[in-house]
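Hello,

Here is the structure I promised to pass on to you.

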Amino acid sequence: MPKIWRVYSGSDGTSRIAEVELAMKPFVDVEGAHGESAPTQPASGITFRVSAPGYVLDWHCAPRRQYSISLSGQAEIEVGDGTIARVGPGDVVLAEDLTGQGHITRVIGDTPRFYAIVPLTG
C-alpha cells in the first residue's frame, strides 16, 4: 500500500512528519463500486504539477492545508527535526505545517515528479 504522510508544525515551531493510517470503512456506491473508503473531505479543486529532476524547494511552509499526491517520480520531504521521508507513486502527503520552520521538498532520481495538489477547505 502507498504511504500517507502528515507534515505538521510542533508547538515549538519545528516541522515534523509522521506516517498515518486512513480510517477505512467498507462502502458500496450507487453505481455498484465497492471496497473500502476513507471519509470524503471538502476540497476546493485539484491541480497537476511536474517538477524536474534535481528540483529543490528550500525551507517553506505549506500555503494552506493540502494533499500532495505523487503520481510518478520520487521526492524527499525533509522536516525540521531532521527526518527525511521518501515519497513515490501512490504516496500522499498531507501538508499542514502552515507556521514555523516548514519543510524542504526535493525531486530525486533522473525522472520528473508528476503530482497532484488538492487544497482542503475544511
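**What I found**

Let's start with one side chain: Phe114 has a relative accessibility of 32%, so Phe114 counts as partly exposed. Please keep in mind throughout that this is a predicted model.

Phe114 has a partner. Together with Phe48, Phe114 forms a stacked aromatic pair, with 6.0 Å from centre to centre and 25° between the planes. A search of the whole structure finds one aromatic pair. What does the pair tie together? Phe48 is in strand β5 and Phe114 is in strand β12, so the pair links parts that are 66 residues apart in sequence. Phe48 is also partly exposed, because its relative accessibility is 48%.

Stay in strand β12 for a moment, where you will also find Ile117. Is Ile117 buried or exposed? With a relative accessible area of 3%, Ile117 is buried. Ile117 and Thr47 are 70 residues apart along the chain, yet their C-alpha atoms are separated by 5.3 Å. If you leave aside neighbours within four places in sequence, the contacts of Ile117 are Gly45, Ile46, Thr47, Arg49, Gln66, Tyr67 and Ser68.

The largest pocket has a volume of about 290 Å³. It is lined by 20 residues, and the closest to its centre are Arg49, His60, Gln66, Thr105 and Ile117. Which strands supply at least two residues each to this lining? They are β5 (47-51), β6 (56-60), β7 (66-72), β10 (92-96), β11 (103-108) and β12 (113-119). By type, the lining divides into 11 nonpolar residues, six polar and three charged.

Now for the nonpolar cores. The largest one has nine residues: Trp5, Val7, Ile17, Ala75, Ile77, Val79, Ala85, Val87 and Val93. At least two residues of this core come from each of β1 (4-9), β8 (74-79) and β9 (84-87). Which strand gives the most? That is β8, with three residues. Apart from neighbours within four places in sequence, Ile77 is in contact with Val7, Ile17, Thr83, Ile84, Ala85, Val93, His103, Ile104 and Thr105. There is also a second, separate core of six residues, among them Ile4, Tyr67, Val92 and Val118.

Finally, two loop residues to look up. Gly80 sits in the loop between β8 and β9. Gly80 counts as partly exposed because its relative accessibility is 28%. Between Gly80 and Ile104 there are 8.8 Å in space, C-alpha to C-alpha, and the two are 24 residues apart in sequence. Setting aside neighbours within four places in sequence, Gly80 is in contact with Thr14, Ser15, Trp59, Gln101 and Gly102.

The other one is Pro89, in the loop between β9 and β10. Pro89 is partly exposed too, because its relative accessibility is 47%. Pro89 is 64 residues from Lys25 in sequence and 23 Å from Lys25 in space, C-alpha to C-alpha. Leaving out neighbours within four places in sequence, Pro89 is in contact with Ser70, Leu71, Ser72, Gly73 and Gln74.

Enjoy exploring, and write back with any questions!

Best wishes

Key:
Residues numbered from 1 in each chain as written. Predicted model: local features only at pLDDT ≥ 70, side-chain atom pairs only at ≥ 80, totals over all residues. Heavy atoms only, no water. Core = buried A, V, L, I, M, F, W, Y, C linked by side-chain atoms within 4.5 Å. Buried < 20%, exposed > 50% of the residue type's maximum accessible area, 1.4 Å probe, protein only. Helix = DSSP H or I, 4+ residues; strand = E, 2+ residues; numbered from the N terminus. Contact = heavy atoms within 4.5 Å. 1 Å grid on protein atoms, 1.4 Å probe; cavity = no way out; pocket = protein on both sides within 12 Å on 5 of 7 lines; lining within 4 Å. Points joined across faces, edges and corners; volume = space filled by probe spheres on them. Nonpolar A, V, L, I, M, F, W, Y, C, P; charged D, E, K, R; others polar. Phe/Tyr/Trp six-rings, centres within 6.5 Å; stacked < 30°, edge-to-face > 60°.
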